[in-house]
Amino acid sequence: MIRALLAGLALVFIHSLAFAYSGKVVAVHEGDRLTMLHNGKKLSVQLYGIDAPELKQPYGNEARSFLDAFTKEETVEVEPIGTVKKGSLTGMVMLGSDNINELLLLKGQAWVDRAQCTADICSTWIKMEEAAKATQKGLWSDPQAMTPWEFRAENAPKPPTKKTT
């Protein structure tokens with residue numbers, strides 16, 4: 001009996017360490033970025049390992065709407081991954097038992113950011129992305145879908161050209 005109680009307490013303790021941030025989602029800015037209210041303070045959260053289309057890109061507004069529909073006004077838990085800066089963190093977002101990062105990939109609302117996603121889970125996420133692509137879900141219904149990092153590179157401000165005299 002005591003062992004079972006101690007095991008239960010250990011699980012609660014481990015869970016509280018893994019998900020250090022819990023709060024209500026108050027804004028969704030893009031398909032991979034939201035703001036939550038944690039301990040009375042706003043905290044910006046970048047979803048780890050994924051990159052949703054930019055808002056000016058095809059499917060950008062759809063990805064934001066998808067994330068908004070699942071998380072806005074909901075209480076989520078965030079497992080921080082990487083550094084946590086004042087007022088901002090990158091992490092895995094959970095809504096109950098649903099991993100929102102994974103849900104965005106499975107529904108074709110985002111890419112795995114292969115340059116940033118280095119956790120063990122990333123290889124599984126690539127398979128999820130490939131499954132969404134194979135079934136043409138979300139942004140994958142467009143055979144010409146451009147990754148956000150390519151879109152940003154193509155649309156970056158060009159440096160002014162020097163006039164030659």
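The chain has five helices and eight strands, taking helices as DSSP runs of H or I with at least four residues and strands as E runs of at least two, numbered from the N terminus. This is a predicted model, where local features need pLDDT of at least 70 and side-chain atom pairs count only at pLDDT 80 or more, while totals for chains, interfaces and linings use all residues. Residues are numbered from 1 along each chain as its sequence is written, and side-chain values use heavy atoms, with hydrogens and water left out.

From the N terminus, the order of elements is α-β-β-β-β-α-β-β-β-α-β-α-α. The chain has 165 residues, and 37% of them are buried, meaning under 20% relative accessible area with a 1.4 Å probe, protein chains only. Contacts are heavy atoms within 4.5 Å. Of those with a separation of 6 or more, 62% are between residues 24 or more positions apart.

Next, a single residue. E30 sits in strand β1, residues 21-30. Is E30 buried or exposed? E30 is buried, at a relative accessible area of 16%. Setting aside neighbours within four places in sequence, E30 contacts E54, L55, R64 and L67.

Last, the surface. The accessible surface is about 10,300 Å², with 57% from carbon and sulfur atoms; the areas are Shrake-Rupley values with a 1.4 Å probe.

That is the chain, from the order of its elements to its surface.

Key: Buried means under 20% relative accessible area, exposed over 50%, partly exposed in between (1.4 Å probe, protein chains only).
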